[in-house]
Amino acid sequence: MKSRFFAEDYAHQLVIGALVRRVASEYRIDVHLNWRSSVGGYGKVITEVKNYMRDLERQGDPRPDLIVVATDANCRGLTERMREITGREELAPMIHAIPDPHVERWLLLDGSAFKAVFGMGCDAPDQKCDRRRYKQRLIEAIRDTGTIPRLGGIEYAEDIVQHININRAARSDRSFGRFVEALRITFQVWRRQPPTSRV
């Protein structure tokens, strides 16, 4: 599968990458994550996506089978963020990964997954618009288990995602559920009719 991934920072690259691989494994699909951007914040992601789509239009084939754009809602809301991140579906299918309000919240959705990784669960997160709230909540939840999060806790993203109950998390968080559903629909289509391009 030829894919292109755009993310606003390293935390999104880790969490979204782990989720894509986890959901793809449900369908026995091998995905190769080709990251075009994972630093520079929201503005950089938007610029990179627009430039990439412009280049696709000019150059034509080969086109990717999938584009994933990952950026936090930052209290703007899912609908507003999706409106800001546009792509031309005739050029390539695009999936939006928009944690609301921040990606660190997704790692706190399943206390059982937390317990599987750290030996102790975490409280379910609230949902407030505070820029640093969930980064701090993730750090505190990990520290409460006796573990020192040396990179803000995001270094455990892959482990947490591997244990998370995807369906339960999708029911408890609309933004998580929307992303997982979009992935599943895409992978279901590919199981019936695999993309012709491969990397």
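Tutor: Two residues are in contact when heavy atoms of theirs lie within 4.5 Å. Keep that cut-off in mind. The model here is predicted.

Student: Let me try it on one residue. Which residues does C122 touch, not counting residues up to four places away in sequence?

Tutor: With those sequence neighbours left out, C122 touches L108, G111, F114 and A141. C122 itself sits in the loop between α5 (111-118) and α6 (133-143).

Student: Does C122 count as buried or exposed?

Tutor: Buried means under 20% relative accessible area. C122 has 16% relative accessibility, so C122 counts as buried.

Student: How far apart are C122 and L138 in sequence and in space?

Tutor: In sequence, C122 and L138 are 16 residues apart. In space, their C-alpha atoms are 9.1 Å apart.

Student: Now helices. How are two packed helices described?

Tutor: Two numbers describe such a pair: the angle between the axes and the distance between the axes. Take helix α1 (residues 10-26) and helix α9 (residues 174-192). They pack at an angle of about 45 degrees, and their axes are 10 Å apart. That angle makes α1 oblique to α9.

Student: What is the handedness of the crossing of α1 and α9?

Tutor: The crossing is right-handed.

Student: Which residues of α1 and α9 make the contact?

Tutor: From α1 come I16, L19, V20, V23, A24 and E26. From α9 come F176, F179, V180, L183, R184 and F187. Sort them by class, and the contact of α1 with α9 has ten nonpolar residues, no polar ones and two charged ones.

Student: What span should the 19 residues of α9 have?

Tutor: Count 1.5 Å a residue, and α9 should span 27 Å. Its end C-alpha atoms are 27 Å apart, which agrees.

Student: Which residues of α9 are buried?

Tutor: The buried residues of α9 are S175, F176, G177, F179, V180, L183, R184, T186, F187 and W190. What covers them includes α1, β3 (66-70), α3 (78-84), β4 (94-97), α4 (103-106) and α8 (166-172).

Student: Next, the backbone. Where is the cis peptide bond, and what is omega?

Tutor: The cis bond joins D100 and P101, with omega about 5 degrees. P101 belongs to the loop between β4 and α4. Its relative accessible area is 1%, so P101 is buried.

Student: Which residues does P101 touch, not counting residues up to four places away in sequence?

Tutor: Apart from those sequence neighbours, P101 touches D72, A73, N74, C75, Q127, K128 and Y134. Look at A73: 28 residues separate P101 and A73 along the chain, yet their C-alpha atoms are separated by 5.0 Å.

Student: What is phi of R28?

Tutor: Phi of R28 is near 55 degrees. That is a positive value, and R28 is a residue other than glycine. You will find R28 in the loop between α1 and β2 (35-37). Exposed means over 50% relative accessible area. R28 has 71% relative accessibility, so R28 counts as exposed.

Student: Where does A116 lie?

Tutor: A116 lies in helix α5. At 46% relative accessibility, A116 counts as partly exposed. From A116 to S175 is 59 residues in sequence and 24 Å in space, C-alpha to C-alpha.

Student: One last residue. Where does G60 lie?

Tutor: G60 is in the loop between α2 (41-59) and β3. Its relative accessibility is 17%, so G60 counts as buried. G60 and D126 are 66 residues apart in sequence, with 45 Å between their C-alpha atoms.

Methods: Residues numbered from 1 in each chain as written. Predicted model: local features only at pLDDT ≥ 70, side-chain atom pairs only at ≥ 80, totals over all residues. Heavy atoms only, no water. Axes fitted to C-alpha atoms, helices over the stretch in contact; angles between N-to-C directions. Helix = DSSP H or I, 4+ residues; strand = E, 2+ residues; numbered from the N terminus. Parallel < 35°, antiparallel > 145°, perpendicular 65-115°, else oblique. Left-handed = near helix turned anticlockwise from the far one by under 90°. Nonpolar A, V, L, I, M, F, W, Y, C, P; charged D, E, K, R; others polar. Expected span 1.5 Å × (residues − 1). Buried < 20%, exposed > 50% of the residue type's maximum accessible area, 1.4 Å probe, protein only.
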